[in-house]
Amino acid sequence: KKLENGLEPIYDHVRRPFKRLYLNRAVTQNYLQGHKKRIEQLSLTDSLTTLANRRHFDSILNNEFKRIQRNDSYISLLMIDVDHFKKFNDLYGHVEGDFCLQKIATEISSCAQRPQDLAARYGGEEFALLIPEANRAGAIAIAQALLKKIEQLNILHESSETSDHVTISIGIAVLTAKDAKTPSDIIKLADQQLYKAKSAGRNCMSIYDEDFNS
């Protein structure tokens, strides 16, 4: 039996209504749906940086890989590592380390300007920036801007072997479907370029694309 305003009485075990206890199913349903969405969002988000987490990144990368297979379009992936971050943590402590990662995450997120772009925390001090349909020139421009943004944060790093402030290294892969058999190939190629950037002295980028590296 419904009352006014969509309210329904709540009954005890022998179907006697409790006084002053009523249920609004519409409000309850809306609350549960909103709560479910919040839980789903949390399951896809890194709690420290609020970027996408590894699970969300893997899912989106798989979807984008299928799309470039259909459309034969470009996809660019930037793998980003904070230079000498263990030494930063050892010197300043994990609280400052977390604060540092949050600042860097904000700058990486600012480079994901379109709805289809995705900034993610890949693990530890490593981040990923997925930029669908970005070619070599576009990926390089974003990486250059990001290197500058991190330097301009001026986060002191007295134990760094690269600079007196926090810097990053970036590995870039620019691909179409014909150059990558699986999404893992894209990650592998970007990781290889990240290693090259670190070997070159850090605080720089290294890029792979099928046109220039074939």
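In the predicted model, E133 is partly exposed, with a relative accessible area of 45%. The side chain of E133 forms a salt bridge with that of R67, with an N to O distance of 2.9 Å. Because R67 belongs to helix α2 and E133 to the loop between β5 (126-132) and α5 (136-153), this pair ties together parts 66 residues apart in sequence. R67 also pairs with E64, their closest N and O atoms lying 2.8 Å apart. E64 and R67 are both located in helix α2, three residues apart, or about one turn of the helix. Both count as buried, E64 at 12% relative accessibility and R67 at 16%.

The structure holds nine salt bridges, among them a pairing of R114 with D117 at 2.6 Å, N to O. R114 counts as partly exposed at 29% relative accessibility, whereas D117, at 10%, counts as buried.

Helix α2 (residues 54-71) also packs against helix α6 (residues 183-199), at an angle of about 110 degrees and with the axes 9 Å apart. The two helices are therefore roughly perpendicular. In this contact, F57, L61, N62 and F65 of α2 meet P183, I186 and I187 of α6; by class, six of the residues are nonpolar, one is polar and none is charged.

The protein as a whole comprises seven helices and seven strands, in the order β-β-α-α-β-α-α-β-β-α-β-α-β-α along the sequence. Of its 214 residues, 42% count as buried. Among contacts between residues at least 6 apart in sequence, 63% join residues at least 24 apart.

Note on methods: Residues are numbered from 1 along each chain as its sequence is written. This is a predicted model: local features need pLDDT of at least 70, side-chain atom pairs count only at pLDDT 80 or more; totals for chains, interfaces and linings use all residues. Side-chain values use heavy atoms; hydrogens and water are left out. Helices (H or I, at least four residues) and strands (E, at least two) are DSSP runs, numbered from the N terminus. Buried means under 20% relative accessible area, exposed over 50%, partly exposed in between (1.4 Å probe, protein chains only). Contact means heavy atoms within 4.5 Å. Axes are lines fitted to C-alpha atoms, for helices over the stretch in contact, and angles run from 0 to 180 degrees between N-to-C directions. Angles under 35 degrees count as roughly parallel, over 145 as roughly antiparallel, 65 to 115 as roughly perpendicular and the rest as oblique. Ala, Val, Leu, Ile, Met, Phe, Trp, Tyr, Cys and Pro count as nonpolar, Asp, Glu, Lys and Arg as charged, and the others, Gly among them, as polar. A salt bridge is a side-chain nitrogen of Lys or Arg within 4 Å of a carboxyl oxygen of Asp or Glu.
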